[in-house]
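Subject: Handover of a structure

Dear colleague,

Please find below the structure that I am handing over to you.

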Amino acid sequence: MMDTILHAVQRVGGDAAGIAFFATLLATPLVIRAARRMGWVGQPREDRWHATPTALMGGIALVSAAFIGALVSGSIATLPAVWAGGALLFAVGMYDDLNGISPAGKLIAQIAATALLMMDGYLFGSGWHWAIAGPLTLLWVVGITNAINLLDNMDGLASGIAGIAAVVLLAVGGVTGVPVVVSAMAAVAGAAFGFLVFNFKPARIFMGDCGSLFLGFMLAAGALVVQSEAPVNAPVAVALLPLAVLAVPILDTTLVTLVRKWVGRPVSQGGRDHTSHRLVFLGLSEAQAVLTLYAISGVGGALALAVLFIDTLLFYALSAFAAVALTVFGIYLARANVYAEDGSAADTRGDGSPLYGGEDAKTSHALYRLFGHRWKAVFGVFADSALLAAAFIVAHYLRFEQGLTSVQEDRMLRALPLIVTAKITVFALMGMYRAIWRHAGTPEIVRTVGASLLASLAGMAVWAALFSTATLSVSVWFIDWMIVTLAVIGVRFGFRGLRQYFLSQASDGKRALIYGANDSGALLLREIRQTAELSYNPVGFVDDDPLKSGQRIQGLTVVGVGDRLAGLCRMHNIDVVLLSLRAMTSEERSDALRHIKEANVPCHVLQMTLSDAVDETADQGTPEMKPAS
């Protein structure tokens, strides 16, 4: 597969990509110098992410390089409507960067650019009735154009995502024999990656609207050309292909639009509440946030390419798995409380790191308003339905690797709705939609395994009633049971896993070592990560047992033994040692305190207190860290 893609790309698009890339490398420094002389410099603002004055108008270099690559490859002659629309939006974006333009003015320009594509026959959903394809085309082009524009909110994000999407589109064009797509997307990819050299953190220049509107339109148009020209006999799959390619900008725009509507903020207002910002708020560095979104974009691109090499039904099943995973990710990000009570940016700790919102965040209240207090159960039913259907299809393809016969496929599709209904009913009876999964543990895993097994037995009964037991394939049902179990556990523990991961990435507060690599130490680590008032940054464990050295507990390494504590504190620049006494004997406590005293570092002890609720001011069991006596 990769040989086919590389050969096609090298044959048609190599020159365009290379020329556009090096043209951007040459042009961007010139634009940076010109921008500083002309005063085209973006100053830090409360609703913007960058903290230093940065040159603007980088889109001039990016777009110029893309047009140079397109001229060399002949793409402008073969796709005149696409490049004309790109030029129009570049001009409108440049005017907006210099003088400002109303949202209505930009929308009119985007509609005009879309009209050029439609006049040339490029519509969303090739072969669909014009009454459906026309409005969808307008929605697609305007939506993606603005999605890339909104995505340009962190160093290297928009240019990197655009480059990845362009590479995927040119790969699809190469495999399906559509050279016009390869040449156009090669020029766009080369220019985007060339600009990324100057735009990745710390950015030396921003592309501005003149660059982001151009990139968004070119990607939207490229996807339409692929839909229209690619010889794939699966119209729905081809319609899903651009959604997979551009999953990240679609996720970001959807998330920002819905959450701002829920919390009463204008959608058009700038802010630090995008997907990338939320990842940073949750503990990632800026580079990690951008690379995470790159990875998601890459997975979406791989899924888009898969439609060219696998059966359509299998593609739909894999798309269902990806959609559920992306939805879980999006809901988790949406619940992050990045707004203060007045709707402005979230409050932060002293070092600038955010306070994390919980169940009482405004976005959580929005979910309650939409679905009631059982919103998690509603989401669980929909997610499980998609997973159960997808797992059943994938199980058939894994069992019958040579492909399904028409009889096998017909039986599978006829039975699928009833099997999913039977399994969902079993899940509900087993209490799968009543548990609080954020605090789930081994009992919930056991319950899930059991529920999945009973659901499989119910599904087998439905199949036998429809077609007879002679048609049952035990291998299919065993594979189906394994996939369902893993997928359902993955969704249930997905929120918890994301929470634990992001909490482990937070690096604010005093650098601390936890004395005691045991259950007590693990409890202390969880309390620190989940309680904002405990402003510590745990960097590792220390334990008196040398056999534990090098092992990991909840992502932290046991860095050494207690009698070497002084050297470990110097090595890791430790501010304080944290001690939990719950699992320690008096002798172990004495040894620990002696080692801490010899290391000459402060020691704080975790104390949990429970008091009688005499009045509203009674202590309610808040964990405290106090100096050791």
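The notes below set out what was found in it.

This is a predicted model, in which local features need pLDDT of at least 70, side-chain atom pairs count only at pLDDT 80 or more, and totals for chains, interfaces and linings use all residues. Residues are numbered from 1 along each chain as its sequence is written, and side-chain values use heavy atoms, with hydrogens and water left out.

Confidence

The pLDDT is the predictor's confidence in each residue, from 0 to 100. Its mean over the protein chain is 83, and 83% of the residues reach 70 or more. Residues 341-361 have a pLDDT below 50; beyond near neighbours in sequence, this stretch has 47 contacts in the model, a contact being heavy atoms within 4.5 Å. Residues 616-620 also fall below 50, and that stretch has four such contacts.

Nonpolar cores

A nonpolar core is a set of buried Ala, Val, Leu, Ile, Met, Phe, Trp, Tyr and Cys residues joined through side-chain atoms within 4.5 Å. Buried means under 20% relative accessible area, exposed over 50%, and partly exposed in between, with a 1.4 Å probe and protein chains only. The largest core has 113 residues, and W83, W140, M185, F214 and L219 have the most contacts inside it. Helix 10 (residues 208-229) gives the largest share of this core, 13 residues. Apart from it lies another core, of 36 residues, including A377, V426, A451 and V476.

Helices

Helices (H or I, at least four residues) and strands (E, at least two) are DSSP runs, numbered from the N terminus. The expected span of a helix is 1.5 Å times one less than its number of residues. For helix 3 (residues 59-73), with 15 residues, that gives 21 Å, and its end C-alpha atoms are 21 Å apart, which agrees. Its buried residues are G59, A61, L62, V63, A65, A66, F67, G69 and A70. After helix 3 comes G74, whose phi is positive, near 80°.

Helix 8 (residues 157-176) has 20 residues and reaches 29 Å from its first C-alpha to its last, close to the 28 Å expected. Of its 20 residues, 18 are buried, so that the helix is mostly covered. V168 lies in this helix and is buried, with a relative accessible area of 9%. Not counting residues up to four places away in sequence, V168 touches V245, G301, A304 and L305. G177, which follows helix 8, has a positive phi, near 75°.

K106 belongs to helix 6 (residues 103-119). K106 is buried, with a relative accessible area of 18%, and beyond its neighbours within four places in sequence it is in contact with V92, D96, I101, D209 and L213.

Strands and cysteines

Two strands pair if DSSP finds at least two bridges between them. Strand 3 (residues 510-515) and strand 7 pair in the parallel sense over four bridges, and L513 has V577 as its bridge partner in strand 7. From strand 7 (residues 576-579), V576 and L578 point one way and V577 and L579 the other, and all are buried.

The structure holds zero disulfides, a disulfide being a pair of cysteine sulfur atoms within 2.5 Å. C569 is buried, with a relative accessible area of 5%, and C603 is buried at 10%.

With kind regards
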